[in-house]
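My entries follow the order in which I checked them.

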Amino acid sequence: MTSEERRAGASLASIFALRMLGLFLILPVFAVYAHTLPSGDNGLLVGLAIGIYGATQALFQIPYGIASDRFGRKPVIVFGLLLFALGSFIAAAADDLPMIIAGRVLQGAGAISAAVTALAADLTREQHRTKVMAMIGSSIGLVFALSLVAAPLLYAVIGMAGIFALTGGLALLAIVALYKVVPPAPKVLVDGGRTRFADVLFHPQLLRLNFGVFVLHLTQTSMWVLIPAALVKTGDLPLAEHWKVYLPAVLVSFAFMVPAVIAAEKYGRMKMVFNGAVVLLLLVQAGFGLFGQGLWPLALLLTAFFVAFNILEATQPSLISRIAPVEAKGAALGIYNTTQSLGLFLGGAVGGMLAQRLGGDAVWWCTGILSLVWLALGLTMKPPVRAQQRPA
């Protein structure tokens, strides 16, 4: 890769990760914080506040991608980041759940994922595009890990309003980085062929990956309706000390993730590593349902979850970029990001509803069954043909 390609990949991964911070940073603390607000005992409202971000993300991913073809990538990314910042500041000023939900709706309306990944494709040559997509995918896992460690500490110092305000301020800084650090975007030809979009939408292998990212993010969000309270109640660990569980779990998970991703990419073991991570995700959901009481079981299960999550977040965008037709990668990424956002939304809403009406075990049953379906689809997935390296 050239220095410009590396700069493009690293800077766009940072901007992408910063946008995801708006969701992830509240996950470890929001369910506990919500009990201090009016209607904070309403599990459905709490779940909506966590997951509504994903609903508006799902609505706007494909339109933002189309707009970036027509008006340019960077203007569309700036517009999305401004909406994201506005929603953050509204949530920071809120004193009840409905107003926080309104802010989260606006945060989600800044759906820049498809535009960012399309810009990354514009700025890199085909033989290096998989590496850049893996950088962007890995940034999600990195930010998720960072948020789980930092959120309880930030909450203790600046409170939930401060976390929302900080997120908005960082989004504004991302706009500066977009123009100061990211290389200039080339002009993109508009092409909206319906047949090609339909072919991508119903591509059998891409459908498997889109269902998988939906399940992964539904599972991730629904877990955090239950995990913080479980650490407080059965783990006897105050919220401000949750980092003592998250930090070791995150560090251990990355120690396992790196060799797994190397085996997948360098030695052609992508399908084996991918399905192994799905199996681990399934075992984690069963473990939470059967053994999720007490500090040590929760810590071990969270570590295993982070291993599976980080591997899947690093490999799925790489698989999308390899399997999608060359001329329709933008459409494939738009659909992928849309299904990811649907998972984020439904994870909070469904997790909150199931926990309130049927109890926590119902959440683990739901995510476990979905993981089992995903595994069945993954086992029938055709591994992508490894592209021949072209000279740089």
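Which residues form a nonpolar patch on the surface? I noted first that the model is predicted. I then found the patch: L82, F89 and L172. Together they have about 250 Å² of accessible area.

I looked up F89 next. F89 sits in helix α4, which covers residues 73-93. Its relative accessible area is 35%. I logged F89 as partly exposed, because 35% falls between the 20% and 50% cut-offs.

Then I turned to charge pairs. How many salt bridges does a search of the whole structure find? The search returns one. I traced that salt bridge to the side chains of K244 and E241. The N to O distance is 3.4 Å. That counts because the limit for a salt bridge is 4 Å.

K244 is partly exposed, at 45% relative accessible area. E241 is also partly exposed, with a relative accessibility of 30%.

My last entry concerns backbone geometry. Which residue has a positive phi although it is not a glycine? I wrote down D236, with a phi of about 55 degrees. D236 lies in a loop. That loop runs between α10 (227-233) and α11 (243-266).

Is D236 buried or exposed? I found a relative accessible area of 67% for D236. D236 is therefore exposed, since the cut-off is over 50%.

Conventions: Residues are numbered from 1 along each chain as its sequence is written. This is a predicted model: local features need pLDDT of at least 70, side-chain atom pairs count only at pLDDT 80 or more; totals for chains, interfaces and linings use all residues. Side-chain values use heavy atoms; hydrogens and water are left out. Helices (H or I, at least four residues) and strands (E, at least two) are DSSP runs, numbered from the N terminus. Buried means under 20% relative accessible area, exposed over 50%, partly exposed in between (1.4 Å probe, protein chains only). Patches are made of residues with over 30% relative accessible area and no salt bridge: like charges are joined within 9 Å, nonpolar side chains (Val, Leu, Ile, Met, Phe, Trp, Tyr) within 5 Å. Accessible areas come from the Shrake-Rupley method with a 1.4 Å probe; for residues, only the protein chains shown count as cover.
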